[in-house]
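Have a look at the model first, then work through each solution.

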Amino acid sequence: MVEPSAMLADPKGLIAIGAGIAVGLAGIGAGMGEQTIGAAAVGAMAEDEKFFGKGLLMTVIPESIAIFGLVVALILLFVF
Amino acid sequence: MLKPTRMARVVIAGTKEIMEPTISTLHRMDVLHITDYLEDGEDFKIGHPLKTASELSEKLLSLRAISSQLGVSGKMPGEKISAKQLPSVIDEKIKKLQEEVTSRVDELRNIEFRLKEKEDLIAAVKPFFGLELPLEAYSGYGSIRVFTGFINAELEGRVSKITDNYELFTGEYEKRRIFALFVPEAFEEEVRKLLQDERTFVEIKAPALEGNPPVIIEALNNEVSELKQKHESINSELEKIKKEYSGFILASDEYLSVETQKAEAPLRFATSTNAFVIDGWIPAAKYDEIEKELKESTGGLAYITKSTDQVSVEEIPVKMENPGPAEPFELLIDTFATPKYKEIDPSAVIFITFPLFYGIMLGDVGYGLLVSALALAIKNKFRTGGLNALALILLLSGIMSTLLGVLYGEFFGLPIFNMVVHGELEKGILGIAAPAIAGINMPIHRFDAVQPLLLFTFVIGILHLTLGLVFGFRNVTIMHGLKHAIYEKGSWMLLLFGGVAVVAKLMPALISKTPVPTGNPVFAGGLLLAIIGVVLLIKGEGPIAIMEIPTLLSNVLSYARILAIGLSSAGIALVVNTLSKDLFIMPDGVLLGGGIGAAIIGILILVVGHSINLLLGIIGPGLHSLRLHYVEFFTKFYEGGGTRYIPFGYIRKYTEE
């Protein structure tokens with residue numbers, strides 16, 4: 001049985017929770033991607049400092065995932 | 001702009017008698033990109049360096065040794081020295097410098113070594129302050145053994161169990177107990193075992209010196225200060241030499257580098273017994289000039305001609321050509337990869353889009369001005385090279401941020417103009433309302449206009465990607481023909497436009513839960529375009545290319561970062577402002593309501609918070625703007641892999657011809 005009060009919950013609150021989960025999980029995912037690349041990039045830089053530019057670039061590539069999460073959150077918050 | 005400088009391949013040939021003047025002329029002109037000769041036939045061999053090469057390198061080596069010993073840095077401004085005067089004095093001066101510097105540096109090392117020795121000795125003597133025995137008392141016995149050290153345990157009782165015949169002295173040094181125990185030789189082993197079993201025992205040996213510790217220390221201290229004085233005086237002598245000769249060293253270094261470069265040039269030529277051939281590239285416009293100069297310097301004996309042999313496009317050196325303000329952006333291209341000769345050089349486009357993206361992201365008058373000021377400071381400090389280019393890029397980005405900041409009406413996160421937020425009037429810094437431009441109420445507050453701004457960023461993304469695909473279409477047409485261009489790039493363009501049309505109609509229908517408008521001409525047309533695109537794509541690149549289609553969606557969505565980065569930076573600024581103002585500086589709306597202490601904390605939060613945000617504001621937008629170019633934009637057209645144009649020559653800083 002579901003409590004009647006839970007069924008009356010403001011859908012806005014649920015949307016906000018959904019948005020939070022979207023951003024949070026996407027952020028964790030991006031972080032997990034970046035940790036490996038970041039470590040490898042630092043390693044490459046230790047060998048040759050010229051890799052700084054490329055390493056930095058590679059490191060920010062998984063950041064797209066976080067952005068996708070953010071886009072979903074923004075759509076949830078402002079479109080629905 | 002967009003295309004690299006037109007290059008011409010030249011071949012220069014002559015007899016070996018005129019090799020030296022030819023090298024000199026080419027080096028001075030600094031335009032010829034030499035293609036290294038690879039020995040493949042029997043007729044021509046790789047040339048030998050000029051006779052002077054080894055001597056020059058030797059001199060350069062000793063000069064650099066002196067230069068590093070003196071710590072001469074390359075930032076000495078000053079008058080340029082004539083390179084013609086240098087050869088007559090260089091040998092003598094280097095020799096003199098070598099004598100003066102090397103002997104002094106050796107002496108310095110010697111002093112440093114002795115200083116270390118004395119300081120070690122002082123450290124060794126010091127603990128014996130605690131025991132009032134002269135140092136000679138600890139050694140020189142025939143049948144007595146001496147143990148000295150720190151211990152943190154009762155000793156006397158335990159020793160007296162072994163023998164009554166002992167002498168024990170104890171004292172304190174830096175709160176640790178020090179002792180000296182004298183026992184007959186016969187009990188040495190037993191006492192040693194006792195001490196070794198005691199965990200707090202640390203043995204220290206008395207240095208082999210004579211006299212009371214305080215007297216010895218004083219003498220040692222005197223020696224140390226004497227050595228230090230000597231060290232200082234030699235150092236100041238070296239400093240004087242450095243000041244006097246810095247100009248000469250830098251100029252000679254440059255002169256010798258130039259001469260070595262010239263002397264070793266034949267290693268890149270093809271030579272026979274009596275002749276040489278140089279193969280290379282010059283900007284086509286320079287041909288007449290180089291022909292004339294060579295004729296003058298060799299008396300018309302050097303032969304130069306344009307070569308029309310076909311070479312692969314990767315081998316042609318690329319010299320990017322862009323108007324002044326766009327030139328720094330070549331650095332961003334080069335960091336990624338040097339373009340191929342027939343490829344579009346996108347510097348001029350990035351010159352507009354990079355600062356624009358940066359500005360839309362940072363978009364704050366306060367931060368924008370600070371970034372511009374920082375860029376100016378860096379630019380003034382580094383007049384050439386990569387940092388100078390970076391500073392110019394940052395400057396443009398800072399200016400753009402300031403302009404966009406006006407549009408957003410933000411100054412360090414505070415509103416500049418009056419605004420209505422959530423139905424309440426919020427007073428801005430200027431205290432006036434902004435005018436409405438073209439029916440849109442200014443300023444566009446980022447937190448209030450998330451939805452339209454999000455759409456706007458997607459539009460930017462679609463335009464940016466389209467531009468990339470157009471460039472790609474042009475590149476492929478030039479390199480492989482129109483048919484391939486349509487398959488490879490045209491298909492993607494159709495997919496992009498068709499996809500946009502479909503999504504534009506599909507999304508509102510899905511959200512409002514109305515049926516999909518299949519009959520709508522925009523939707524149907526878009527779908528048709530997309531299907532044609534997919535067919536072309538499969539025809540051009542095979543069915544596996546279908547896997548790539550979703551990347552187009554992720555590419556467009558990726559541009560949402562333009563809004564996201566901006567929102568987070570504005571958000572941090574807002575948090576910092578609210579925290580410091582409402583909690584510390586003006587609690588309950590009263591200035592200093594929480595006392596001076598709280599207000600100071602508030603100001604601290606304000607300064608530190610904005611500093612961190614500014615730092616993030618430089619790194620974040622810069623990186624993400626760059627990423628949008630490298631990952632989203634470049635993958636649509638840019639291949640890179642060209643050879644960079646490196647002319648044979650030298651940019652003189654300290655000497656002149």
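**Exercise 1.** What does the accessible surface of chain A come to, and what percentage of it belongs to carbon and sulfur atoms?

Solution. The accessible surface of chain A is about 5300 Å², and carbon and sulfur atoms account for 74% of it. Such areas come from the Shrake-Rupley method with a 1.4 Å probe; for residues, only the protein chains shown count as cover.

Keep in mind that this is a predicted model: local features need pLDDT of at least 70, side-chain atom pairs count only at pLDDT 80 or more, and totals for chains, interfaces and linings use all residues. Residues are numbered from 1 along each chain as its sequence is written, chains are lettered from A and ligands numbered from 1 in the order in which they are written, and side-chain values use heavy atoms, leaving out hydrogens and water.

**Exercise 2.** Work out the make-up of chain A.

Solution. Start with the elements: chain A has 4 helices and 0 strands (DSSP runs numbered from the N terminus, helices being H or I of at least four residues and strands E of at least two). Next, burial: of its 80 residues, 21% are buried, meaning under 20% relative accessible area with a 1.4 Å probe, protein chains only.

**Exercise 3.** Is A:I28 buried or exposed?

Solution. First find A:I28 in helix 2 (residues 11-47) of chain A. Its relative accessible area is 51%, and exposed means over 50%, so A:I28 is exposed.
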